[in-house]
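Dear colleague,

Please find the structure below, handed over for your records. My notes on what was found in it follow.

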Amino acid sequence: MSAPSAPLTHPKRISILIPVYNEVQFLRQLLAKVDGTNFCGLEKEIILVDDGSTDGTRDILSALQKERPDYNVIFHEKNQGKGAALRTALTHVGGEIVIIQDADLEYDPKDYPPLVQALLDGQADVVYGSRLSSGESDAGFGTLHYFGNKFLTLITNLLYQTTLTDMETCYKAFRAEVITPVRIRSDRFDFEPEITAKVLKRGYHLKEMPISYLGRAANEGKKITWKDGIWAIWALVKFRFID
């Protein structure tokens, strides 16, 4: 793995990519948290991609287009998956730093600034927010989710000769020149193993830092299932040998 790049010179903007699907209950609360977070003094470019929501989320986003012209709101006509939404969002990136933020409240934006600062300081090219590196966040997981995540991370470490603790984390921060050229093929949650595979194969310096986590259950709107775990295993193997 190569050494991290030099510190960023005079960065101005951070692009915050928010894929959204049926989050009418949490979306405005989440955006208030994002708006209230100081991302190391960087100007915020908030890019929201609605992925075919059917629960009233699209109405909220349509209203936000008028209320907040600084938001870049994009609509998918039908549900395609998180990876597809991020693929769309990446075509609109204008910042020197790119981060991913889910539209629910499982993750707290206040945890992002240290990750962003690590990129600004040149400590890494990519920084993952680990829910497990401190050993204190496992209570936020359901049992199946916890062990599934540990298993997928183990496979990642074996295939890519790394020492990650939380490959499946949402909180991923990138220097823009790392992620914007990558062709994202995955449409669903297999985006996570795909981008991890491609970052590691390209020799970028990846650093983990601890974050908090408050997981939710399926009856509270959680969308990832055991089937996505199967697709994640396939993605880890596939992208080990192809681009």
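A salt bridge here is a side-chain nitrogen of Lys or Arg within 4 Å of a carboxyl oxygen of Asp or Glu. This is a predicted model, in which local features need pLDDT of at least 70 and side-chain atom pairs count only at pLDDT 80 or more, while totals for chains, interfaces and linings use all residues. Residues are numbered from 1 along each chain as its sequence is written, and side-chain values use heavy atoms, with hydrogens and water left out.

A search of the whole structure gives 18 salt bridges. In one of them, the side chains of E43 and R13 meet at 3.8 Å, N to O. E43 is partly exposed at 44% relative accessibility (buried means under 20% relative accessible area, exposed over 50%, partly exposed in between, with a 1.4 Å probe and protein chains only).

A second salt bridge joins E192 and K172, whose closest N and O atoms are 2.6 Å apart. E192 lies in helix α7 and K172 in strand β6 (residues 172-175), 20 residues apart. E192 is buried at 3%, and K172 is buried at 0%. Salt bridges with shared partners join K82, D102, K172 and E192 into one network.

In helix α2, the buried residues are T57, R58, I60, L61 and L64. The exposed residues D59 and K66 sit on the face turned away from that buried side.

Yours sincerely

Note on methods:
Helix = DSSP H or I, 4+ residues; strand = E, 2+ residues; numbered from the N terminus.
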